[in-house]
Amino acid sequence: MADPQQSEPADGTALARGWLESSPFVAHLGIGIDLMEPDRAVLSLPFADSLPTMGDVVHGGAISSLVDTAAAAAAWSGAEVPERPRASTVGITVDFLRPARAQGIAADARIIRRGGSGLCVCEVKVTAEDGTEVATALVTYQL
């Protein structure tokens, strides 16, 4: 029988969903949750007239913001939440492969390694709605 004095650890997936649903920046960009499961998150960014850097090409900063957000969501997905959760992106490298032109994009973030100190290494692949590979990234995130 479980000890009623011990509470279950908070669910990282629920924490990530709550953060995504209440973040003003996430709302400003229009980022949505497509999938969240342990060690993985797929988030999407619909195309908007405010996203192009020039012509109809989605700005690299918007793509990088989606990458960073998806990596954070993946890092929390399935993780135990400490009593006082704090987190931060430690490092991010984004390689842009092709432009995303006048279409939404999705970032598929997967944890490839969790360290004992709370460091998570996450691989993120970004594709446009037509299936074009737009970017690939490596993100180190500290829980």
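You're looking at a predicted model, where local features need pLDDT of at least 70, side-chain atom pairs count only at pLDDT 80 or more, and totals for chains, interfaces and linings use all residues. Residues are numbered from 1 along each chain as its sequence is written, and side-chain values use heavy atoms, with hydrogens and water left out.

**Salt bridges**

- Searching the whole structure turns up five salt bridges, each being a side-chain nitrogen of Lys or Arg within 4 Å of a carboxyl oxygen of Asp or Glu.
- One of them pairs arginine 114 with aspartate 39, with 2.7 Å between the closest N and O atoms.
- Arginine 114 sits in strand S8 (residues 105–114) and aspartate 39 in the loop between strand S2 (32–37) and strand S3 (40–45), so this contact ties together parts 75 residues apart in sequence. Strands here are DSSP runs (E, at least two residues), numbered from the N terminus.
- Arginine 40 bridges to aspartate 108, and here the closest N and O atoms are 2.8 Å apart.
- Through shared partners, salt bridges join Glu37, Arg40, Asp108 and Arg110 into one network.

**Buried or partly exposed**

- For the cut-offs, buried is under 20% relative accessible area, exposed is over 50%, and partly exposed is in between (1.4 Å probe, protein chains only).
- Arginine 40 and aspartate 108 are both buried, with aspartate 108 at 19% relative accessible area.
- Arginine 110 is partly exposed at 39%.
- Arginine 114 comes in at 29%, partly exposed, and aspartate 39 at 31% is partly exposed as well.
- Six of the six residues of S3 are buried, so the rest of the structure largely encloses this strand.
- From S3, Arg40, Val42 and Ser44 point one way, while Ala41, Leu43 and Leu45 point the other way.

**Strand pairing**

- S2 and S3 pair antiparallel over five bridges; two strands count as paired if DSSP finds at least two bridges between them.
- Glutamate 37 stands opposite arginine 40 in S3.
- The hairpin of S2 and S3 has two residues between the strands, and aspartate 39 takes a positive phi near 70° there.
- S3 and S8 run antiparallel too, joined by six bridges.
- Across that pairing, leucine 43 stands opposite alanine 107 in S8.

How values were computed. Helices (H or I, at least four residues) and strands (E, at least two) are DSSP runs, numbered from the N terminus.
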